[in-house]
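This briefing is intended for reading beside the sequence and the three-dimensional view. Please keep both at hand while going through the points that follow.

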Amino acid sequence: MTRYKIKLAVFFFVLSITGCTKKDELKLPVTIHFKIEFRQPVAQWQYGQNQSISELFTVEACHIGIRGIRLEGKREAGGDVFFETDPRITQMNLILTDPMDPVSIISFDIPQGIYDYMKCDIFLSNIPSDELIRAYNIDYEKTGIIIKGKYEKVYWTDDDFDSGLNYSIPFILAIENTEIFNISFSPLYDKGKIAIEHGKEYIALLFLDLYHVFKSISTQTIENAEVSGNGPDQIIIISGEKNKNLYENLLFRLAQSSTVIIY
């Protein structure tokens, strides 16, 4: 009987060690490299007043100010994950010019496990002023994202030719820094759960699908937009103050289409 009790005690001791090990494993950190890139708005299309014209927009640069990131994750086991960066430390200004070249935002560690979902909130900050912003009196202290590019005109008038306007006209989409982007994470190949394993490093790629953003605009909408400047200095400014309906449309689609792919 004594011998049986000793074996039983050893058996429970092994179980307790195993239980602690599994619990501790859920605390092991995994490094996530958070990056961002954009998709150029290029696609096939047909001429027509109400056709999608996203491919008539060429994005030359995205300038983004970030003051903080808040991440939330729910795991199957081991408890939920939540953290928010310190804006005094994570204040950053990012410039994206190549849709094939992701730009790093920040790297952080989270505990391994299987996540039912992950999401983040991105808080914007004002971006530094530059020559183009100053030239058209854009309030950079209230602007968190600037998307610069050109729009290829479809319809031309005699006034356009007389003014010396080129075949394309510059545009600026200026997004106010009071906006907060709430973005969900997805695995690379499906929309299911996200498995994060200790011993590996992952990339979380924030993807700005600018094709989706601009494809909702009809030729009539953009051709009738308010234009700033004169002659060859003309520019279409899309902001909370100028072309406001267009601004709200594009802002909604940017928030709707943005996603983070983790792999």
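What percentage of the 263 residues of the protein count as buried? The share is 44%, where buried means under 20% relative accessible area, exposed over 50% and partly exposed in between, with a 1.4 Å probe and protein chains only. This is a predicted model, in which local features need pLDDT of at least 70 and side-chain atom pairs count only at pLDDT 80 or more, while totals for chains, interfaces and linings use all residues. Residues are numbered from 1 along each chain as its sequence is written, and side-chain values use heavy atoms, with hydrogens and water left out.

**Overall architecture**

- The protein has seven helices and 13 strands; these are DSSP runs numbered from the N terminus, with helices (H or I) of at least four residues and strands (E) of at least two.
- Among contacts in the protein with a separation of 6 or more, 79% join residues 24 or more positions apart; a contact means heavy atoms within 4.5 Å.

**Nonpolar cores**

- In soluble globular proteins, nonpolar side chains tend to be buried together.
- The largest nonpolar core has 56 residues, and Phe34 and Leu210 have the most contacts inside it; such a core is a set of buried Ala, Val, Leu, Ile, Met, Phe, Trp, Tyr and Cys residues joined through side-chain atoms within 4.5 Å.
- Strand E2 (residues 57–75) gives the most to this core, contributing seven residues.
- Leaving aside residues up to four places away in sequence, Leu210 touches Phe38, Arg39, Pro41, Val59, Cys62, Ile147 and Leu254.
- A second, separate core of nine residues includes Ile127, Ile133, Ile235 and Ile237.

**Aromatic pairs**

- The whole structure contains seven aromatic pairs; rings of Phe, Tyr and Trp (its six-membered ring) pair if their centres lie within 6.5 Å, and planes under 30 degrees apart count as stacked, over 60 as edge-to-face and the rest as tilted.
- Phe57 and Phe214 form a stacked pair, at 4.6 Å centre to centre with 25° between the planes.
- This pair links distant parts of the chain, since Phe57 lies in strand E2 and Phe214 in helix H5 (residues 210–214), 157 residues apart.
- Both Phe57 and Phe214 are buried.
- Ring pairs also link Phe34, Phe83, Phe108 and Phe185 into a cluster.

**Cysteines**

- The structure holds zero disulfides, a disulfide being a pair of cysteine sulfur atoms within 2.5 Å.
- Cys62 counts as buried because its relative accessibility is 1%.
- Cys120 is likewise buried, at 1% relative accessibility.

**Individual residues**

- Asn177 lies in the loop between strand E8 (168–176) and strand E9 (180–187), and is buried because its relative accessible area is 17%.
- A polar atom of the Asn177 side chain lies 2.9 Å from the backbone oxygen of Glu141.
- Asn243, in the loop between strand E12 (236–238) and helix H7 (244–257), has a positive phi of about 55° although it is not a glycine.
- Most residues other than glycine have a negative phi.
- Asn243 counts as buried, at 15% relative accessibility.
- Arg88 is in helix H2 (residues 87–90) and is exposed because its relative accessible area is 75%.
- The C-alpha atoms of Arg88 and Gly68, 20 residues apart along the chain, are separated by 8.7 Å.

Methods
A polar contact is a pair of N or O atoms within 3.5 Å; within protein, one must be able to donate a hydrogen and the other to accept it, and residues adjacent in sequence count only if both atoms are side-chain atoms.
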